[in-house]
Amino acid sequence: QSRKSKLDDYNKDKIHEKQMIFHKCLKNNRWVFGGNRSGKTQCGAVESVWLAKGIHPYRQNRESVFGWIVSPTQQVQRDVAQKKVLSYLSPHDIADAVMLSGRRDSLDNGVIDQLFIKNVFGKISTIGFKSCDQGREKFQGASLDFVWFDEEPPEDIYFECKMRLLDKCGCMFGTMTPLKGMTFIYDEIYMNAHNSPDVWYEFMEWGDNPYLNPEEVEKMTASLSKEELESRRFGRFKAESGAVYPEFDEEKHVLKQPFTIPYGWQDCVSIDPGLSNPLSCHFYAVDYDSNVYVVAESYEAEKTIEYHAAKILKMADELGWHRRPDGRLEALIDSAANQKTLASSKSVTELFFEHGIA
């Protein structure tokens, strides 16, 4: 089977539903958090080839692009991302190559520095291969149309690559298995996607890939611990120290479409005080089946009690939250807040009470 027909097969028959969702997403910072063998690397490789050849079926194609493919090490580059990209190119697609090691007439066996690809506009696109073990300095200077991170990069390299996309309004995409726990990618992408118009992610697991042997999937599932399955099968983030509630899954437990909370569901407000560390305040509601909802949050550091109280009371007004007969908002707080500090003759609890929160 020719390499060209392999790309055609992916486009017509071999692509699965989650991969199609990734390719169709038009946001400029897209990530697939996937288990091993879930099909995530194919997403990145095909996306890179489509952009380089100017044949992306869902994006505005550019006449000539310059992109980077970033791997953890040169060895991983050669064995994974580079190998996958080459598998979707025919020999006629490749105009030339610059090698870090090996020969140009045997690309599969060497380490490529730059790959020059013929596109449908009759011009040449360039894919540069980078490895994180080169260090951040090797990622400076270029102006890029796209970056593909094959597995999670260090934070400094991620932000350096982000700067390389600025001039050309380029796109960034990553495919990774989150084996390192809740790193900066957890905050930058996973926790930020619902707040940023340009950030998107999806999870991809073995069950999403219809081309895996079901019997092999069952054997591998039985051989892994519950914790290993979370990342290696489902592509989920997990705390290195272990979650307080290990069954917690944001895909199941975070509402994608918030709704108005009935007044009768309102329950309590909690305050975890802090000055240098953030003060955290949550509003809780409980439905008739005893499901608990966190419906609002305030989370800020280095602010006064007066500031926090005003912000919390404003949130309570916006929610139509119930008050005590004396007009104060009632809240639960850490008992340590009853202690007087050297900075004040009053406790944190007393200061909140003076500003409308009992």
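This is a predicted model: local features need pLDDT of at least 70, side-chain atom pairs count only at pLDDT 80 or more; totals for chains, interfaces and linings use all residues.

Reader: Why is R103 called exposed?

Author: Exposed requires over 50% relative accessible area. R103 has 56% relative accessibility, so R103 counts as exposed. D105 has 59% and therefore counts as exposed too.

Reader: What makes R103 and D105 a salt bridge?

Author: The criterion is a side-chain nitrogen of Lys or Arg within 4 Å of a carboxyl oxygen of Asp or Glu. The closest N and O atoms of R103 and D105 are 2.6 Å apart, so the pair qualifies.

Reader: How do you know that K168 and D145 form a salt bridge?

Author: Their closest N and O atoms are 3.3 Å apart, and the limit is 4 Å. The pair links distant parts of the chain, 23 residues apart: K168 is in the loop between α5 and β7, and D145 is in the loop between β5 and β6.

Reader: Why is D145 called buried, and why is K168 called partly exposed?

Author: Buried means under 20%, and partly exposed lies between that value and 50%. D145, at 7%, is therefore buried; K168, at 33%, is therefore partly exposed.

Reader: What makes β3 and β8 edge strands?

Author: The open sheet of 8 strands has the order β3-β4-β5-β2-β6-β7-β1-β8. β3 (94-101) and β8 (199-204) each have a single partner strand, so one side of each is left without a neighbour in the sheet.

Methods. Residues are numbered from 1 along each chain as its sequence is written. Side-chain values use heavy atoms; hydrogens and water are left out. Two strands pair if DSSP finds at least two bridges between them. Helices (H or I, at least four residues) and strands (E, at least two) are DSSP runs, numbered from the N terminus. Buried means under 20% relative accessible area, exposed over 50%, partly exposed in between (1.4 Å probe, protein chains only).
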